[in-house]
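Here is a short briefing on pockets and surface. Look at the structure first, then read the points below.

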Amino acid sequence: MKRISITAWAALAIAACLYATMTLWTLPAISRTAGGLPPFDMRPGGYTFGEAKAFLSALSENGRALYLGPQQHLDLVFPAALALGLGLALYRLAPFTRFWKLCFAAIPVIGMAFDYLENAAVRAMLFAGPAILQPEQVETASRLTIAKSVFGSAGYGLVLVFLVLWAVRRRRGASASHV
């Protein structure tokens with residue numbers, strides 16, 4: 001089995017740095033400006049209309065500016081870096097034919113698409129504000145958040161499974177050569 005490429009490692013390292021920035025700085029800062037309520041990005045199970053309205057009502061102007069400023073920029077780069085890193089890793093690690101390797105590599109790219117759609121939906125909710133927020137708008141954003149989380153988790157999980165398979169095969173190969 002081929003090793004993971006340097007490009008995949010670099011993209012995963014960039015994604016990890018961006019993720020750390022979001023989880024240690026922007027998202028907690030946004031949450032603090034909303035009375036401790038978690039931002040939409042921190043709700044992988046989705047959210048209801050009431051939860052979205054409560055968050056938007058509690059969100060300060062500084063929190064809104066942070067969501068539409070630095071967080072928006074991170075939300076532009078992070079999904080692409082993660083999709084590139086996970087996609088390349090899945091392609092290189094998957095012990096199947098080229099067709100199946102491409103199918104596995106597409107999973108994080110689909111997750112990236114849902115992430116971008118979710119970001120657009122959240123941005124629309126932030127601009128709408130609690131006064132003119134619509135239940136359908138929240139339902140769409142919530143479903144996109146869930147889909148993004150599912151595809152992201154699938155990408156991470158498959159990389160782990162393929163790494164374990166690779167390690168088992170490698171160990172079996174080493175044991176067979178010592179006999």
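**The largest pocket**

The lining of the largest pocket holds 14 nonpolar, 6 polar and 4 charged residues. Here Ala, Val, Leu, Ile, Met, Phe, Trp, Tyr, Cys and Pro count as nonpolar, Asp, Glu, Lys and Arg as charged, and the others, Gly among them, as polar. This is a predicted model: local features need pLDDT of at least 70, side-chain atom pairs count only at pLDDT 80 or more, and totals for chains, interfaces and linings use all residues. Residues are numbered from 1 along each chain as its sequence is written, and side-chain values use heavy atoms, with hydrogens and water left out.

- The volume of the largest pocket is about 520 Å³.
- Of its 24 lining residues, Tyr19, Phe78, Asp115, Lys148 and Ser149 are the closest to the centre of the largest pocket.
- Helix H1 (6-33), helix H4 (70-93), H5 and helix H6 (135-177) each give two or more residues to this lining.
- H6 gives the most, with 7 residues.
- A pocket is an open set of points on a 1 Å grid over the protein atoms alone, where a 1.4 Å probe fits, with protein on both sides within 12 Å along at least five of seven lines; lining residues have an atom within 4 Å of a point.
- Points are joined across faces, edges and corners, and a volume is the space filled by probe spheres set on them.
- Helices are DSSP runs (H or I, at least four residues), numbered from the N terminus.

**Asp115**

- Asp115 lies in helix H5.
- Is Asp115 buried or exposed? Asp115 has a relative accessible area of 7%, so it is buried (buried means under 20%, exposed over 50%, partly exposed in between, with a 1.4 Å probe and protein chains only).
- Asp115 and Asp41 are 74 residues apart in sequence, and their C-alpha atoms are 9.5 Å apart in space.

**The second largest pocket**

- The second largest pocket has a volume of about 200 Å³.
- Of the 14 residues in its lining, Gln72, Asp75, Asn119, Ala120 and Arg123 are the closest to its centre.
- Helix H3 (61-68), H4 and H5 each supply at least two residues of the lining of the second largest pocket.
- H5 supplies the largest share of that lining, 6 residues.
- By class, the lining of the second largest pocket has 7 nonpolar, 4 polar and 3 charged residues.

**Trp100**

- Trp100 is found in helix H5 (residues 98-132).
- Trp100 is partly exposed, because its relative accessible area is 46%.
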